[in-house]
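Open the model in your viewer and keep the selection panel at hand. Each stop below tells you what to pick next.

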Amino acid sequence: MDFSGTWKVYSEENLEGFLKDVFADVYLRAPEMVIKMRKEVKPVLVIEQKGQDFTYTMKTPICTKVHSFSLGKESEMTAADGRKFKCIVREENGKLVAETEKFTSVREIQGDDMVETITAGPLTFISRSKRV
């Protein structure tokens, strides 16, 4: 599993619906401005992996968010609206799986792409990135 590198998001499926329906109903309450910005901007992701420790940086023209976590240990992260939440990220069959009580994120390498699938109840959001 080699997630290290710089990745450019090129495709996002169900972003607006996911942000509006899931996050607003759950607890992240993404504001309209964030939804509009995220629809128009494809983030650049920088992932640094050192053994079990990861630093994940999401860069957009408006902001940069940095999350650090160690596999199997609870970490605090920040949602789109600035609220904090806790999750545990684990490695499972070469995939990074992050779980909270509200959603599950699975990040995996598929060929030349990195694919993240976030599921909350019946809704799913899929983001695809290429190494740059």
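**Before you start**

This is a predicted model: local features need pLDDT of at least 70, side-chain atom pairs count only at pLDDT 80 or more, and totals for chains, interfaces and linings use all residues. Residues are numbered from 1 along each chain as its sequence is written, and side-chain values use heavy atoms, with hydrogens and water left out.

**Stop 1: the sheet**

Switch to cartoon. Helices (H or I, at least four residues) and strands (E, at least two) are DSSP runs, numbered from the N terminus. You will find an open sheet of 10 strands, paired antiparallel. Its order is S4-S3-S2-S1-S10-S9-S8-S7-S6-S5. Two strands count as paired if DSSP finds at least two bridges between them. Select 64-70 and 74-78: these are the edge strands S4 and S5, and each pairs on one side only. On average, neighbouring strands are turned by 25° against each other, direction ignored. That angle comes from axes fitted as lines to C-alpha atoms (for helices over the stretch in contact), with angles running from 0 to 180 degrees between N-to-C directions.

**Stop 2: bridges and hairpins**

Select S2 and S3. Seven bridges join these antiparallel strands. Pick Ile47 in this region; its bridge partner in S3 is Tyr56.

Move to S6 and S7, antiparallel and joined by five bridges. Glu91 stands opposite Leu96 in S7. The hairpin here has two residues between the strands, and Asn93 takes a positive phi near 55°.

Next, S7 and S8. A hairpin of four residues joins them, and four bridges link the antiparallel pair. Val97 has Val106 in S8 as its bridge partner.

**Stop 3: the nonpolar core**

Which residues touch the most other members of the largest nonpolar core? Select Leu45, Ile47, Phe69 and Val89, out of 25 residues. Such a core is a set of buried Ala, Val, Leu, Ile, Met, Phe, Trp, Tyr and Cys residues joined through side-chain atoms within 4.5 Å. Buried means under 20% relative accessible area, exposed over 50%, partly exposed in between (1.4 Å probe, protein chains only). Elements giving two or more residues to this core include strand S1 (5-13), helix H1 (15-26) and strand S9 (113-120).

Centre on Val89. Leaving aside neighbours within four places in sequence, Val89 is in contact (heavy atoms within 4.5 Å) with residues including Phe69, Leu71, Met77 and Leu96.

**Stop 4: two aromatic pairs**

The structure holds two aromatic pairs. Rings of Phe, Tyr and Trp (its six-membered ring) pair if their centres lie within 6.5 Å; planes under 30 degrees apart count as stacked, over 60 as edge-to-face and the rest as tilted.

Show Phe54 and Phe69. Their ring centres are 5.0 Å apart and their planes at 5°, so the pair is stacked. Phe54 lies in strand S3 and Phe69 in strand S4, so the pair ties together parts 15 residues apart in sequence. Both are buried.

Now show Phe85 and Phe103. This pair is edge-to-face: 5.7 Å centre to centre, 70° between the planes. Phe85 is in strand S6, and Phe103 is in the loop between S7 and strand S8 (104-110), 18 residues apart. Phe85 is buried at 12% relative accessibility; Phe103 is buried with a relative accessible area of 12%.

**Stop 5: Glu116**

Select Glu116 in strand S9. Is Glu116 buried or exposed? Its relative accessible area is 12%, so Glu116 is buried. Its side chain makes a polar contact of 2.7 Å with that of Ser105. A polar contact is a pair of N or O atoms within 3.5 Å; within protein, one must be able to donate a hydrogen and the other to accept it, and residues adjacent in sequence count only if both atoms are side-chain atoms.
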